[in-house]
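Student: I would like to learn how to read a structure feature by feature. Where do we begin?

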Amino acid sequence: MDSKKTILVVEDEPQLALGLKDALEFEGFRVLTCGTGREAVGLAKTERPHAVLLDLMLPDINGYQVCQEIRRSDGFVPILMLTAKSQEADKIRGLDAGADDYVTKPFSVGELVARLRAIFRRTQPRSETQTLNIGEAVVNLSAHTLQRGSTVESLSFYEVELLRLLHERVGQPVSRDEILNKIWGLEATPTNRTIDNFIVKLRRKIERSPDKPEHILTVYGFGYKLAL
Ligand code: CA
């Protein structure tokens, strides 16, 4: 690898921050660390990391707020929350704030590295079509945006990948298990509920009436299907 991927680690426990830095550097990543939310927001802007590992409980502003701030200037960088909380409500709140994924403490560094590698494998440049038309929406796969009418919204890494997968199989049901395996790469987390939450967010962006979807359709007891 000629250029190293940069990971921003936001963690206020010095031992854990140092452990993550050592382990990730050993794996060939460039690692920036900081212990406060404010620093994280600043570094995300100036350093443009390839991924952010974000602790939920920070001394100044919490991980949810950091997430929202980072998303304001960068709709795409994958954000993995490091959280001691495993409550579903916290996860949903994090997803609403713009996080893509969770690692619940205590986690193994091996699992974290595997997930990062999976993310970077999927963000390699592709030569295929760069836009998808779904109903009234135009999804730009390289700019990570979704335009509907005069509204342009940013899409996160997982949202882009989920749409790409459904679009590759347009008209066919895609199971939740396949979505988990192909998009998140590991079966342990996240849960089916995580996928459902992503679908809810995408429907708000794509559908004319999100409660009566015409494009991202539920296949009950199985998964989802895209109709153009
Ligand atoms: Ca903490």
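Tutor: With burial: a residue counts as buried under 20% relative accessible area, as exposed over 50%, and as partly exposed in between. Keep in mind that this is a predicted model.

Student: Is Arg71 buried or exposed by that rule?

Tutor: Arg71 has 13% relative accessibility, so it counts as buried. It is part of helix H3, residues 63-73.

Student: Which residues does Arg71 touch, leaving out those up to four places away in sequence?

Tutor: Its contacts are Phe76, Val77, Ile79, Ala97, Gly98, Asp100 and Ser156. As for Ala227, 156 residues away along the chain, its C-alpha atom is 29 Å from that of Arg71.

Student: How do I describe two helices that pack together?

Tutor: Two numbers do the work: the angle between the axes and the distance between them. For H2 and H3 the angle is about 15° and the axes are 9 Å apart. Angles under 35 degrees count as roughly parallel, and H2 and H3 are therefore roughly parallel to each other.

Student: Which residues make that contact between H2 and H3?

Tutor: H2 contributes Gly37, Ala40, Val41, Ala44 and Lys45, while H3 contributes Val66, Glu69, Ile70 and Ser73. By class, five of the residues are nonpolar, two polar and two charged. The crossing of H2 past H3 is right-handed.

Student: At what angle do H6 and H7 pack?

Tutor: Helix H6 (residues 157-168) and helix H7 (residues 176-184) pack at about 125°, with axes 10 Å apart. That angle makes H6 oblique to H7. H6 also passes H7 in a right-handed crossing. On the H6 side the contact involves Tyr158, Glu161, Leu162 and Leu165, and on the H7 side Glu178, Ile179, Lys182, Ile183 and Trp184. Six of these residues are nonpolar, none is polar and three are charged.

Student: Next, the metal. Which residues coordinate the calcium ion?

Tutor: The calcium ion is coordinated by Asp12 (OD), Asp55 (OD) and Met57 (O), at 2.1 to 2.3 Å. The spacing of these donor residues in sequence is D-x42-D-x1-M. Asp12 sits in the loop between strand S1 (6-10) and helix H1 (14-26), and Asp55 in strand S3 (residues 51-55), so this pair ties together parts 43 residues apart in sequence.

Student: Is Asp55 buried or exposed?

Tutor: Asp55 is buried, at 3% relative accessibility. Asp12, at 32%, counts as partly exposed.

Student: What should I look for in the backbone?

Tutor: Look for exceptions: most residues other than glycine have a negative phi, and most peptide bonds are trans. Arg48 is not a glycine, yet its phi is positive, about 45°. Arg48 lies in the loop between helix H2 (37-47) and S3, and it is partly exposed, with a relative accessible area of 42%.

Student: Where does His144 lie?

Tutor: His144 is in the loop between strand S7 (137-140) and strand S8 (145-148). His144 also has a positive phi, about 60°, without being a glycine. At 17% relative accessibility, it counts as buried.

Student: Which residues does the cis peptide bond join?

Tutor: Lys105 and Pro106, with omega at about -5°. Pro106 is in the loop between strand S5 (101-104) and helix H5 (109-122).

Note on methods
Residues are numbered from 1 along each chain as its sequence is written. This is a predicted model: local features need pLDDT of at least 70, side-chain atom pairs count only at pLDDT 80 or more; totals for chains, interfaces and linings use all residues. Side-chain values use heavy atoms; hydrogens and water are left out. Axes are lines fitted to C-alpha atoms, for helices over the stretch in contact, and angles run from 0 to 180 degrees between N-to-C directions. Helices (H or I, at least four residues) and strands (E, at least two) are DSSP runs, numbered from the N terminus. Angles under 35 degrees count as roughly parallel, over 145 as roughly antiparallel, 65 to 115 as roughly perpendicular and the rest as oblique. A crossing is left-handed if the near helix is turned anticlockwise from the far one by less than a right angle, and right-handed if clockwise. Contact means heavy atoms within 4.5 Å. Ala, Val, Leu, Ile, Met, Phe, Trp, Tyr, Cys and Pro count as nonpolar, Asp, Glu, Lys and Arg as charged, and the others, Gly among them, as polar. Donors are N, O and S atoms within 2.8 Å of the metal (3.2 Å for Na, K and Ca); water is not among the atoms, so sites may look incomplete. Buried means under 20% relative accessible area, exposed over 50%, partly exposed in between (1.4 Å probe, protein chains only).
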